[in-house]
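Student: I have a model open and want to work through its geometry. Can we go step by step?

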Amino acid sequence: MFTLGDAQHLCWKNFRKINDKLDPERGKKWTPFVMVTDLLEEAGEVASVVKGLEGFKPPEKSGTKEMLAAELSDLLYMVFVLAEYYKIDLERTFPETVNDYILRFIT
Ligand SMILES: [Mg+2]
């Protein structure tokens with residue numbers, strides 16, 4: 001079974017591998033501020049696709065569910081990377097958060 005923790009570790013491993021290669025070419029390292037900027041950029045791409053899916057963009061720029069899936073995955077990747085950077089165990093905290101929502105709004 002592929003767990004949330006596995007996904008978090010895998011994203012971090014790949015993030016490190018990619019940036020260990022690209023950092024020397026760029027002459028600078030990714031910092032948490034760049035990670036947050038990238039996360040927000042991906043959130044904007046999710047918003048753009050949803051805007052297209054809901055008919056608020058020109059027809060040639062209308063989004064597809066496949067595009068939304070790709071952008072949501074990009075966003076999730078950066079959430080995992082940022083969590084791992086700060087040693088946050090989303091496998092533990094995410095279910096707690098979901099449970100808090102249930103307790104607050106359903107029970
Ligand atoms: Mg993207």
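Predicted model: local features only at pLDDT ≥ 70, side-chain atom pairs only at ≥ 80, totals over all residues.

Student: How do H1 and H3 lie to each other?

Tutor: H1 and H3 pack with their axes 8 Å apart. Their angle is about 85°. That value falls between 65 and 115 degrees, so H1 and H3 are roughly perpendicular.

Student: Which residues of H3 make the contact with H1?

Tutor: From H1 come Leu4, Ala7, Gln8, His9, Cys11, Trp12, Asn14, Phe15 and Ile18. The residues of this H1 with H3 contact divide into 11 nonpolar, 3 polar and 1 charged. On the H3 side the residues are Tyr77, Phe80, Val81, Ala83, Glu84 and Tyr85.

Student: Which word describes how H1 and H4 are set to each other?

Tutor: The axes of H1 (residues 4–26) and H4 (residues 90–105) come within 8 Å. They cross at roughly 130°. Roughly antiparallel needs over 145 degrees, and roughly perpendicular ends at 115. H1 and H4 are therefore oblique.

Student: What is the class make-up of the contact of H1 with H4?

Tutor: Leu4, Gly5, Asp6 and Gln8 in H1 meet Leu90, Glu91 and Phe94 in H4. By class, that gives 3 nonpolar, 2 polar and 2 charged residues.

Student: How many residues apart are Glu45 and Glu71?

Tutor: Glu45 sits in helix H2 (residues 32–53). Glu71 sits in helix H3 (residues 65–85). The pair links distant parts of the chain, 26 residues apart.

Student: Is Glu71 buried or exposed?

Tutor: Compare Glu45 to begin with: at 27% relative accessibility, Glu45 counts as partly exposed. The cut-off for buried is under 20%. Glu71 has 17%, so Glu71 counts as buried.

Student: Lys87 has a positive phi although it is not a glycine. Is Lys87 buried or exposed?

Tutor: Lys87 lies in the loop between H3 and H4. Its phi is about 55°. The relative accessible area of Lys87 is 68%, and the cut-off for exposed is over 50%. Lys87 is therefore exposed.

Student: Zoom out. What is the radius of gyration of the protein?

Tutor: The secondary structure comes to 4 helices and 0 strands, in the pattern α-α-α-α. The globule rule gives 13 Å for 107 residues. The protein is well over that, so it is more spread out than a compact globule. Its radius of gyration is 17 Å.

Student: What share of the residues of the protein counts as buried?

Tutor: The C-alpha atoms fill a box of roughly 45 × 40 × 30 Å along the principal axes. Among contacts between residues at least 6 apart in sequence, 62% join residues at least 24 apart. Of the 107 residues, the buried share is 25%.

Conventions: Residues numbered from 1 in each chain as written. Heavy atoms only, no water. Helix = DSSP H or I, 4+ residues; strand = E, 2+ residues; numbered from the N terminus. Buried < 20%, exposed > 50% of the residue type's maximum accessible area, 1.4 Å probe, protein only. Axes fitted to C-alpha atoms, helices over the stretch in contact; angles between N-to-C directions. Parallel < 35°, antiparallel > 145°, perpendicular 65-115°, else oblique. Contact = heavy atoms within 4.5 Å. Nonpolar A, V, L, I, M, F, W, Y, C, P; charged D, E, K, R; others polar. Rg over C-alpha atoms; globule rule 2.2 N^0.38 Å.
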